Amino acid sequence: MVKRFLCLDIGDKRIGVAVSDPFNGYALPVCTVYRKNLKTDLSKIAEIYKEKGTTEIVCGVPVNFDGTPSVQTEKAVFFIERLKETLNTTVYGVDERCTTCEAEQTLIEQGKSREERKACVDSLAACSILEGFLLDYNKKKN
(Lines give C-alpha, C1' and ligand atoms only; values in the text may rest on other atoms or scores of the structure.)
Protein backbone atom coordinates (compact mmCIF):
# COMPACT_ATOMS: atom_id res chain seq x y z
CA MET A 1 0.00 0.00 0.00
CA VAL A 2 1.24 3.47 -0.89
CA LYS A 3 1.46 5.81 2.08
CA ARG A 4 0.09 9.34 1.98
CA PHE A 5 0.48 11.75 4.85
CA LEU A 6 -1.80 14.29 6.48
CA CYS A 7 0.01 16.90 8.57
CA LEU A 8 -1.31 19.00 11.44
CA ASP A 9 0.04 22.17 13.00
CA ILE A 10 -1.86 22.00 16.29
CA GLY A 11 -2.59 25.27 18.06
CA ASP A 12 -4.95 26.36 20.82
CA LYS A 13 -7.33 28.17 18.44
CA ARG A 14 -6.55 26.71 15.03
CA ILE A 15 -5.15 23.56 13.42
CA GLY A 16 -3.31 23.99 10.15
CA VAL A 17 -3.75 21.07 7.77
CA ALA A 18 -1.55 19.97 4.86
CA VAL A 19 -1.32 16.80 2.80
CA SER A 20 1.44 15.12 0.83
CA ASP A 21 1.12 14.69 -2.92
CA PRO A 22 0.40 11.08 -4.04
CA PHE A 23 4.15 10.41 -4.44
CA ASN A 24 5.20 12.00 -1.11
CA GLY A 25 7.46 14.49 -2.83
CA TYR A 26 5.97 17.71 -1.53
CA ALA A 27 3.28 19.15 0.73
CA LEU A 28 0.08 20.98 -0.20
CA PRO A 29 -1.93 23.23 2.13
CA VAL A 30 -5.47 21.97 2.75
CA CYS A 31 -7.25 24.21 5.23
CA THR A 32 -7.33 25.70 8.68
CA VAL A 33 -9.63 24.08 11.24
CA TYR A 34 -10.93 26.53 13.81
CA ARG A 35 -11.03 24.67 17.12
CA LYS A 36 -14.30 24.20 19.00
CA ASN A 37 -13.87 21.28 21.40
CA LEU A 38 -11.88 18.05 21.41
CA LYS A 39 -14.66 15.84 20.05
CA THR A 40 -15.53 18.22 17.20
CA ASP A 41 -11.87 18.83 16.37
CA LEU A 42 -11.08 15.11 16.20
CA SER A 43 -14.17 14.48 14.08
CA LYS A 44 -13.17 17.18 11.59
CA ILE A 45 -9.61 15.86 11.32
CA ALA A 46 -10.96 12.31 10.82
CA GLU A 47 -13.22 13.61 8.04
CA ILE A 48 -10.28 15.30 6.27
CA TYR A 49 -8.07 12.24 6.81
CA LYS A 50 -10.59 10.03 5.00
CA GLU A 51 -11.52 12.61 2.36
CA LYS A 52 -7.89 13.08 1.30
CA GLY A 53 -7.14 9.35 1.21
CA THR A 54 -4.29 9.64 3.68
CA THR A 55 -2.87 6.66 5.54
CA GLU A 56 -0.74 8.19 8.29
CA ILE A 57 -0.51 11.49 10.15
CA VAL A 58 2.36 13.82 10.94
CA CYS A 59 1.90 16.33 13.78
CA GLY A 60 4.10 19.22 14.71
CA VAL A 61 5.18 19.08 18.34
CA PRO A 62 6.15 22.48 19.73
CA VAL A 63 9.16 22.55 22.02
CA ASN A 64 11.23 25.32 23.54
CA PHE A 65 14.19 26.64 21.56
CA ASP A 66 16.51 24.49 23.66
CA GLY A 67 14.47 21.38 22.80
CA THR A 68 12.85 20.95 26.21
CA PRO A 69 9.09 20.32 26.48
CA SER A 70 6.72 23.24 27.05
CA VAL A 71 3.07 23.58 28.06
CA GLN A 72 2.23 23.54 24.34
CA THR A 73 4.17 20.28 23.97
CA GLU A 74 1.91 18.64 26.54
CA LYS A 75 -1.22 19.95 24.79
CA ALA A 76 -0.03 18.68 21.40
CA VAL A 77 0.92 15.26 22.79
CA PHE A 78 -2.50 14.98 24.45
CA PHE A 79 -4.22 15.77 21.13
CA ILE A 80 -1.96 13.30 19.28
CA GLU A 81 -2.86 10.51 21.72
CA ARG A 82 -6.58 11.17 21.25
CA LEU A 83 -6.06 11.23 17.47
CA LYS A 84 -4.36 7.82 17.58
CA GLU A 85 -7.31 6.43 19.53
CA THR A 86 -9.85 7.97 17.17
CA LEU A 87 -8.27 6.94 13.86
CA ASN A 88 -6.27 3.86 14.90
CA THR A 89 -3.38 4.91 12.66
CA THR A 90 0.28 5.78 12.91
CA VAL A 91 0.89 9.35 14.06
CA TYR A 92 4.38 10.83 13.91
CA GLY A 93 5.29 13.72 16.19
CA VAL A 94 7.99 15.98 14.76
CA ASP A 95 9.77 19.11 15.96
CA GLU A 96 7.98 22.16 14.63
CA ARG A 97 10.26 24.90 15.95
CA CYS A 98 10.01 28.13 13.94
CA THR A 99 7.59 26.82 11.29
CA THR A 100 4.81 29.30 12.12
CA CYS A 101 7.30 32.19 12.23
CA GLU A 102 8.71 31.17 8.86
CA ALA A 103 5.22 30.87 7.37
CA GLU A 104 4.25 34.27 8.78
CA GLN A 105 7.38 35.87 7.31
CA THR A 106 6.69 34.33 3.89
CA LEU A 107 3.17 35.75 3.90
CA ILE A 108 4.41 39.19 4.99
CA GLU A 109 6.92 39.15 2.13
CA GLN A 110 4.02 38.35 -0.23
CA GLY A 111 2.21 41.45 1.02
CA LYS A 112 -0.65 39.58 2.70
CA SER A 113 -2.78 41.51 5.16
CA ARG A 114 -3.07 40.44 8.81
CA GLU A 115 -6.48 38.83 8.11
CA GLU A 116 -5.18 37.02 5.02
CA ARG A 117 -2.20 35.75 7.02
CA LYS A 118 -4.40 34.55 9.88
CA ALA A 119 -6.50 32.52 7.44
CA CYS A 120 -3.60 30.54 5.97
CA VAL A 121 -0.50 30.77 8.19
CA ASP A 122 -1.31 27.52 10.02
CA SER A 123 -1.80 25.43 6.87
CA LEU A 124 1.42 26.91 5.47
CA ALA A 125 3.22 25.98 8.72
CA ALA A 126 1.79 22.45 8.37
CA CYS A 127 3.28 22.34 4.85
CA SER A 128 6.67 23.28 6.26
CA ILE A 129 6.43 20.59 8.94
CA LEU A 130 5.39 18.00 6.36
CA GLU A 131 8.09 18.93 3.86
CA GLY A 132 10.75 18.44 6.54
CA PHE A 133 9.23 15.09 7.43
CA LEU A 134 9.06 14.02 3.75
CA LEU A 135 12.74 14.86 3.22
CA ASP A 136 13.71 12.50 6.04
CA TYR A 137 11.13 9.88 5.01
CA ASN A 138 12.35 9.78 1.41
CA LYS A 139 16.03 9.63 2.45
CA LYS A 140 15.32 6.63 4.67
CA LYS A 141 13.22 4.97 1.98
CA ASN A 142 15.96 5.17 -0.68
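Start at the largest pocket: select I10, G11, D12, R14 and D122, which lie nearest its centre among 11 lining residues. A pocket here is an open set of points on a 1 Å grid over the protein atoms alone, where a 1.4 Å probe fits, with protein on both sides within 12 Å along at least five of seven lines; lining residues have an atom within 4 Å of a point. Its volume is about 200 Å³, meaning the space filled by probe spheres set on the points. Colour the lining by type: six charged, three polar and two nonpolar residues. Gly counts as polar, and Asp, Glu, Lys and Arg as charged.

The model is predicted: local features need pLDDT of at least 70, side-chain atom pairs pLDDT 80 or more, while totals for chains, interfaces and linings use all residues. Numbering runs from 1 along each chain as its sequence is written, and side-chain values use heavy atoms, without hydrogens and water.

Next, select L6, L8, I45, I57 and L83. They touch the most other members of the largest nonpolar core, which has 20 residues. Such a core joins buried nonpolar residues (under 20% relative accessible area, 1.4 Å probe, protein chains only) through side-chain atoms within 4.5 Å. Helix α1 (38-51) is one of the elements giving two or more residues; its share, five residues, is the largest.

Zoom in on I57. Beyond four places in sequence, I57 touches L6, L8, Y49, L83, L87, T89, T90, V91 and Y92, with contact meaning heavy atoms within 4.5 Å.

Finish on K44, in helix α1. The C-alpha atoms of K44 and V33 are 7.8 Å apart.

Terms used
Buried means under 20% relative accessible area, exposed over 50%, partly exposed in between (1.4 Å probe, protein chains only). Helices (H or I, at least four residues) and strands (E, at least two) are DSSP runs, numbered from the N terminus.
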